[in-house]
Amino acid sequence: MKALVCAQFGALDNLRLQSVPAPTPGPGQVVIQVNAASLNFPDVLMCQGKYQVKPPLPFTPGAEAAGVVCAVGAGVTHWQPGDAVMASTGYGALAEQCVVDATRLARVPAEMSFAQASAMVVTYGTALYALRHCANVQAGETVLVLGAAGGVGSAALQVARQMGARVIAAVSSDAKAALCRRQGADAVLVYTEPEQLKSQVSALAGESGVQVVFDPVGGDYALPAFRALVWGGRYLVVGFAAGAIPAFPLNFALLQARSVLGVYWGEVIRRDPAAYQAVLRQLCDWVVAGQIAPVISAEIGLEQAVEGLKALQARQVTGKLVVRLTDTGWPAR
Ligand SMILES: NC(=O)c1ccc[n+]([C@@H]2O[C@H](COP(=O)([O-])OP(=O)(O)OC[C@H]3O[C@@H](n4cnc5c(N)ncnc54)[C@H](OP(=O)(O)O)[C@@H]3O)[C@@H](O)[C@H]2O)c1
């Protein structure tokens, strides 16, 4: 089968499209024939050897996939060949087939496309878990989303709106701002200098202020965003796409009773499978009801996956890039 292979950590140009043996399922595992896999910033970091998870080399990147079960291992009773599924794979999804633990599978409703399903597990899962389980966002609260046109950011924008929150979307360009408006952001700002962020946010937030910050960017905007939080505000540490890991003087937490909440969705999937399943069920219900819809900016082939990863690295992607792999034949979607 065809797979994208990373044989050494470093530049994305090291990745190769290769023919490799198809996987076989071990006990408790399932093999998925992948119809769609979507790209995420952690794929870039993983190939560079900069991610917290370092797979044994060589490995195939790709953290989420949707397709059809084609083989099940010993002890798997809940799934059978032909089931339409989506999964958080960690890595391995950028291949015609990938093997995952059966606990990582969720059913794809008939009303959803595989492309939509593949674009939901990581980004929308992270967003809903962060906003509901970590920050307990309430209707009427104001959520500031940094990098709001990116993968996790656009998911957080939609999910926070769906939860009844007011969303201020912060982005780096007018084009990204326009996308956030189309996605229903209540207010949008284009970052200028980091020192300006707090006053930009305050002007848009009004008297009630910002209760929650969702930050997948880190870097120089993190502290001003933290300082924009009102009394009792919650700061969700989601990622560091800007590269630098911010450090806060803790007096800014003490003086306004603010909380810093770490979000690590990939680890939740491993430690709390019930929460993982509940989050995906909720997201599917919302998609089927037409209340949220993954922002898919382009569908590409496996041959273009390296270019797609480079575009993510260069901050050029909005929403999600979906890689189409095989025609699973069932169902046609
Ligand atoms: N905690 C978790 O469980 C979890 C799960 C998934 C992802 N993440 C993390 O979340 C972050 C975003 O992931 P993603 O897949 O949403 O990425 P993405 O689609 O590339 O979005 C990242 C956004 O960050 C902003 N950004 C600022 N400086 C950047 C830079 N130097 N390079 C690239 N982007 C920059 C960009 O928005 P502007 O141009 O508007 O600033 C971009 O849209 C990553 O750090 C990832 O590891 C965490």
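This is a predicted model: local features need pLDDT of at least 70, side-chain atom pairs count only at pLDDT 80 or more; totals for chains, interfaces and linings use all residues.
Residues are numbered from 1 along each chain as its sequence is written, and side-chain values use heavy atoms, with hydrogens and water left out.

The axes of α3 and helix α10 (residues 273–288) come within 10 Å and cross at roughly 110°. Helices (H or I, at least four residues) and strands (E, at least two) are DSSP runs, numbered from the N terminus. Axes are lines fitted to C-alpha atoms, for helices over the stretch in contact, and angles run from 0 to 180 degrees between N-to-C directions. The two helices α3 and α10 are therefore roughly perpendicular to each other. Angles of 65 to 115 degrees count as roughly perpendicular, under 35 as roughly parallel, over 145 as roughly antiparallel, and the rest as oblique.

On the α3 side, Y124, G125, L128, Y129, R132 and H133 meet V279, Q282, L283 and W286 of α10; contact means heavy atoms within 4.5 Å. The residues of this contact of α3 with α10 comprise six nonpolar, three polar and one charged. Here Ala, Val, Leu, Ile, Met, Phe, Trp, Tyr, Cys and Pro count as nonpolar, Asp, Glu, Lys and Arg as charged, and the others, Gly among them, as polar.

## Residue T123 in helix α3

Helix α3 spans residues 123–134 and contains T123. At 1% relative accessibility, T123 counts as buried; buried means under 20% relative accessible area, exposed over 50%, and partly exposed in between (1.4 Å probe, protein chains only).

Apart from residues up to four places away in sequence, T123 touches N40, E64, G151, V152, A155 and K320. The side chain of T123 also reaches the backbone oxygen of A119 at 3.1 Å. For such a polar contact, a pair of N or O atoms lies within 3.5 Å; within protein, one must be able to donate a hydrogen and the other to accept it, and residues adjacent in sequence count only if both atoms are side-chain atoms. Between T123 and G319 there are 9.5 Å in space, C-alpha to C-alpha, although they are 196 residues apart in sequence.

## The six-stranded sheet

Six strands form an open sheet with parallel pairing, in the order β10-β9-β8-β11-β12-β13. Two strands pair if DSSP finds at least two bridges between them. The edge strands, β10 (187–190) and β13 (259–262), each pair on one side only. On average, neighbouring strands of this sheet are turned by 20° against each other, direction ignored.

Within the sheet, strand β8 (residues 142–146) pairs with strand β9 (residues 166–171) in the parallel sense over five bridges. Helix α3 lies across β8, β11 (210–215), β12 (229–237) and β13, and runs at about 150° to β11.

## Residue Q211 in strand β11

Q211 has its place in strand β11. With a relative accessible area of 13%, Q211 is buried. The side chain of Q211 reaches the backbone oxygen of S208 at 2.8 Å. Leaving aside neighbours within four places in sequence, the contacts of Q211 are E141, T142, L229, V230, G233 and R234.

Strand β4 (residues 64–72) runs antiparallel to β5, and five bridges join them; E64 stands opposite S88. Three bridges join β5 to strand β7 (residues 105–107), again in antiparallel fashion, and R107 in β7 is the bridge partner of V85. S88 has a relative accessible area of 6% and is buried. Not counting residues up to four places away in sequence, S88 touches A63, V100, R104, V121, I269 and Y276.

## Helices α1 and α11

Helix α1 (residues 41–48) packs with helix α11 (residues 305–313) at an angle of about 100°, with their axes 9 Å apart. Helices α1 and α11 are therefore roughly perpendicular to each other. F41, D43, V44 and Q48 in α1 meet L309, L312 and Q313 in α11. By class, this contact of α1 with α11 has four nonpolar, two polar and one charged residues.
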